[in-house]
Amino acid sequence: VAAMQKHDDHWQLEQMYGYRVDWPALRTLLAALAQATVVENKTDKPEYYSRLGVEDISAEDAGGVLVRLGIEGLTTGVLVGNQAQGRTGQYARLAYSTGSVLLDREIDVPTGALDWVESEIIDVDAAEVAEVEVIHPGGERVLITKVSADQTEFDLVDIPEGREIKGSWALNSLGSSLSLLNMEAVYPASDVDWSEAVRMRLLTFSGVEFMVEALERGDEYLLRLSASHPAAAVVANPAQDEVNDATQQQIEQQAMDDAAQVVEVINKWTADWVFAIAKYKYDAIAKRPEDLLKPLEDT
């Protein structure tokens, strides 16, 4: 299911090309195993292991999960079996022991590789977004903007004469396209041709600018992401209209420092990766002008 190794300051998942492991999830498992105590001893007869889900995982209908741990050159393992019925706890067996036990707590071991990684790519609240520009390979362009963070709705730039937008919801869906953006798979970035990608630029009021490329490939929707902090980027603080110049400079400098830190973290974790995303998220990014406008017969 998952083979994880620690590299420098983070853990990597072998099944996803060495992508970073969700440390809180791994820490929760390790802490549960470390803190678990034995409530009572159970069977040591292999013919009864299946009742508890602690038979060897090589068995055709094995019900448990083997957690193998490597510590300073030594390897050990725990077979985590079924949850106890009618009482709190979970059955387990040391992989190299015949005796099984009931533990005093439930041990949650995810059985999907995606459950072991940080599946969230980015989460940008639409309220923080100042501007979104989408450019398609043929040159078709969409641009939505807000004047300030106090503005609740986006404006569509260059509305064709005689046309109307479908509604604020249509623009807001584009503004929130990087909100709760999760991946479905991850790949190394080196083997993807981005020449036909849809390109999106999203600028926040804090001054962080995100550059997104999105591409449909087969039955997957791929995305890569980078961030920057342009010198001319927006640094909005609408609540500070009446502060003195020195205080305003301090506020702006802190905002720039915070933005630079955000950019550094994002680029550190996204630079070498391509993410597969859900179709509805791809559709939210790849908007065309007609997707935002009422049909001609309705205008």
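This is a predicted model: local features need pLDDT of at least 70, side-chain atom pairs count only at pLDDT 80 or more; totals for chains, interfaces and linings use all residues.
## Salt bridges across the chain

The whole structure holds 17 salt bridges. One of them pairs K268 with D9. Their closest N and O atoms are 3.5 Å apart. K268 sits in helix α4, residues 245–270. D9 sits in the loop between β1 (4–7) and β2 (10–13). The pair therefore ties together parts that are 259 residues apart in sequence. Both K268 and D9 are exposed.

K294 and E164 form another salt bridge, with the closest N and O atoms 3.2 Å apart. K294 belongs to the segment after α6 (289–292). E164 belongs to the loop between β12 (155–156) and α3 (168–175). Parts that are 130 residues apart in sequence are so tied together by this pair. K294 is partly exposed, at a relative accessible area of 27%. E164 is partly exposed too, at 40%.

## A buried pair and its network

R201 forms a salt bridge with E209. The closest N and O atoms are 3.3 Å apart. Is this pair buried or exposed? R201 is buried, and E209 is buried as well.

The R201–E209 contact is part of a network. Salt bridges with shared partners join E131, E133, R141, D158, R201 and E209. In general, side chains of opposite charge can pair when their charged atoms come close.

## β10 and its two partners

Strand β10 spans residues 129–135. It is mostly covered, with 5 of its 7 residues buried. β10 runs antiparallel to β15 (residues 198–204), and 6 bridges join the two. Within this pairing, V132 stands opposite L202 of β15.

β10 also pairs with β11 (residues 141–145). This pairing is antiparallel and has 5 bridges. Here E133 stands opposite L143 of β11. β10 and β11 make a hairpin with 5 residues between the strands. In that hairpin, G139 takes a positive phi near 100 degrees.

## The sheet of β1, β2 and β3

An open sheet is built from 3 strands in the order β1-β2-β3. The pairing is antiparallel. β1 and β3 (19–20) stand at the edges. Each has a single partner strand, so one side of each is left without a neighbour in the sheet. β2 and β3 pair over 2 bridges, in the antiparallel sense. L13 has Y19 of β3 as its bridge partner.

Both connecting loops hold a residue with a positive phi. D8 lies in the loop between β1 and β2. D8 is not a glycine, yet its phi is positive, at about 55 degrees. At 75% relative accessibility, D8 counts as exposed. Y17 lies in the loop between β2 and β3. Phi of Y17 is positive as well, near 60 degrees, and Y17 is a residue other than glycine. Y17 counts as exposed, with a relative accessibility of 52%. Most residues other than glycine have a negative phi.

## The β5–β6 hairpin

Which residue in the turn between β5 and β6 has a positive phi? The residue is E72, with a phi of about 50 degrees. The hairpin has 2 residues between its strands.

β5 covers residues 65–71, and β6 covers residues 74–83. The two strands run antiparallel and are joined by 7 bridges. Strands of a sheet pair through backbone hydrogen bonds, either parallel or antiparallel.

## A negative surface patch

Which residues gather in a patch of negative charge on the surface? They are E120, D123, D125 and E128. D125 is found in the loop between β9 (120–122) and β10. D125 has a relative accessible area of 41%. That value makes D125 partly exposed. A patch takes residues with over 30% relative accessible area and no salt bridge, so D125 qualifies at 41%.

Note on methods: Residues are numbered from 1 along each chain as its sequence is written. Side-chain values use heavy atoms; hydrogens and water are left out. Patches are made of residues with over 30% relative accessible area and no salt bridge: like charges are joined within 9 Å, nonpolar side chains (Val, Leu, Ile, Met, Phe, Trp, Tyr) within 5 Å. Accessible areas come from the Shrake-Rupley method with a 1.4 Å probe; for residues, only the protein chains shown count as cover. A salt bridge is a side-chain nitrogen of Lys or Arg within 4 Å of a carboxyl oxygen of Asp or Glu. Lys and Arg count as positive and Asp and Glu as negative; His and the chain ends are not counted. The place of a charge is taken as NZ of Lys, CZ of Arg, CG of Asp or CD of Glu. Helices (H or I, at least four residues) and strands (E, at least two) are DSSP runs, numbered from the N terminus. Buried means under 20% relative accessible area, exposed over 50%, partly exposed in between (1.4 Å probe, protein chains only). Two strands pair if DSSP finds at least two bridges between them.
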